[in-house]
Amino acid sequence: MTSFTKVVLFTGTDGRAGFREEAVALEEGTPQSRLSPLFASGGYQLRESPVGFRSQPHCSPHEQWVFILSGRMVIGLADGSSRVFGPGQHFHSADLLPAGAAFDPAIHGHWSAQEGPEPLVTLFVRG
């Protein structure tokens, strides 16, 4: 593997949330331990969401990586599509409210929910 797949939850030019995948080059390190460049971070938080948790539609408050430590997380978009992430999976949340826009849940943001029989435990790393 010479690249890492970065799943990105983003805000498009139309203000709607979507998913895309980007390659992050693993050009540093050694052939036995390939590394990406070192990226800055602004701290991290852990979160536990109980069985049955579902958020209201919202935009991410800032860009952050979301790593699923245990349980399952569903991210739903205003267009009705959704994506499920399980333990060991991740995404980069960059679904920010466009500058000058007033939040409209029919257009902007996403919702998140716990899925399945066990609580959802996530790690958020600000990017």
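This is a predicted model: local features need pLDDT of at least 70, side-chain atom pairs count only at pLDDT 80 or more; totals for chains, interfaces and linings use all residues.
Two residues are said to be in contact when heavy atoms of one lie within 4.5 Å of heavy atoms of the other. Leaving aside neighbours within four places in sequence, Ile75 is in contact with Leu9, Phe19, Ser81, Ser82, Arg83, Phe85, Phe91, His110, Trp111 and Ser112.

Ile75 also belongs to the largest nonpolar core, a group of twelve residues. The other members include Val7, Leu9, Val66, Phe85, Phe91 and Phe124. At least two residues of this core come from each of the strands β1 (3–11), β6 (64–70), β7 (72–77) and β11 (120–126). Of the contributing elements, β7 gives the most, namely three residues.

The strands may now be considered as a sheet. Six strands form an open sheet in the order β2-β1-β9-β6-β11-β5, and their pairing is mixed. At its edges stand β2 (17–25) and β5, each of which pairs on one side only. From one strand to the next, the twist averages 30 degrees. Within this sheet, β6 and β9 (residues 90–94) run antiparallel and are joined by four bridges. Val66 has Phe91 of β9 as its bridge partner, and both residues are members of the core described above.

The loop between β5 (44–49) and β6 contains Ser60. Is Ser60 buried or exposed? Ser60 has a relative accessible area of 6%; the limit for a buried residue is under 20%, and therefore Ser60 counts as buried. Beyond residues up to four places away in sequence, Ser60 touches Ser93, Asp95, Leu96 and His110. With Ser93, the side chain of Ser60 forms a polar contact of 2.4 Å.

Terms used. Residues are numbered from 1 along each chain as its sequence is written. Side-chain values use heavy atoms; hydrogens and water are left out. A nonpolar core is a set of buried Ala, Val, Leu, Ile, Met, Phe, Trp, Tyr and Cys residues joined through side-chain atoms within 4.5 Å. Buried means under 20% relative accessible area, exposed over 50%, partly exposed in between (1.4 Å probe, protein chains only). A polar contact is a pair of N or O atoms within 3.5 Å; within protein, one must be able to donate a hydrogen and the other to accept it, and residues adjacent in sequence count only if both atoms are side-chain atoms. Two strands pair if DSSP finds at least two bridges between them. Axes are lines fitted to C-alpha atoms, for helices over the stretch in contact, and angles run from 0 to 180 degrees between N-to-C directions.
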